[in-house]
Amino acid sequence: MPVDRERVAALVRELLEAIGEDPDRPGLRQTPTRVADSWAEFFSGVGQDAGAPLQHTISVSRGPAPDTLPSGAVMLRDIAFRSMCEHHLLPFRGRAHVAYLPGEEVVGLGALPRVIDILAARPQVQERLGEQVADAIASALDARGVLVVLDATHECVTMRGGRQPDASTVTIAARGVYADPAARAELVALIGARP
């Protein structure tokens, strides 16, 4: 369901009045429309199928390169993401690291960031976001294991409350063989390794 921009704009106008501002002053006149447009983008993932980018898989043994069967995990590091915390409607943003241990099917690497984009573009908490990404990959692919590590900075922590500008939150979601901490240790080490 797309964001109702007119309704959002009307509510932002009311919010400006509620905090004691004049929504008709020059600097705020376009603010309700601008916020409505921003929120249409921020929440564009509401109602979207996060598994859709994973629909097109490639057979490992019968695909374009059957002589290069993967023997280990496929990992995509440093996927930038941003979302809105559902508790305070303040943004959080960071990096996602996604790995899966393929079975017979693999997916194009560009599909993984699209899954994250869809799931992050809705009111979220980081813990659930990682779990949803792991579930989407695990259910769409015949992966023997999935690991999703999110490292994000939350404005509800950096700008209010404890006001810790350098604090980040790290969450791990694991499926299959990577549910075992020993099995995922190598992947976690690879996330921080740089050439």
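**Strands and helices in a predicted model**

Colleague: In the hairpin of β2 and β3, which residue takes a positive phi?

Modeller: In this predicted model, L89 takes a positive phi near 55°, and the hairpin of β2 and β3 to which it belongs has five residues between the strands.

Colleague: What about β2 and β5, in which sense do they pair?

Modeller: That pairing is in the parallel sense and extends over two bridges, with C85 standing opposite Q124 in β5.

Colleague: Switching to α4, which of its residues are buried?

Modeller: Within α4, the buried residues are Q126, L129, G130, V133, A134, A136 and I137, and because they cover an arc of only 160° around the axis, they lie on the same side of the helix.

Colleague: What covers them?

Modeller: The cover over the buried residues of α4 includes the strands β2 (74-85), β3 (91-101), β5 (123-124), β6 (145-154) and β7 (169-176), together with the helix α3 (111-120).

Colleague: How far does α4 reach, end to end?

Modeller: Helix α4, residues 126-140, reaches 21 Å from its first C-alpha to its last, which is close to the 21 Å expected for its 15 residues at 1.5 Å a residue.

Colleague: Then α2: which residues are buried there, and what do they pack against?

Modeller: T31, P32, A36 and A40 are buried in α2, and the buried residues of that helix pack against α1 (5-18).

Notes:
Residues numbered from 1 in each chain as written. Predicted model: local features only at pLDDT ≥ 70, side-chain atom pairs only at ≥ 80, totals over all residues. Heavy atoms only, no water. Helix = DSSP H or I, 4+ residues; strand = E, 2+ residues; numbered from the N terminus. Expected span 1.5 Å × (residues − 1). Buried < 20%, exposed > 50% of the residue type's maximum accessible area, 1.4 Å probe, protein only. Arc of directions from axis to C-beta. Contact = heavy atoms within 4.5 Å. Pairing = 2+ DSSP bridges.
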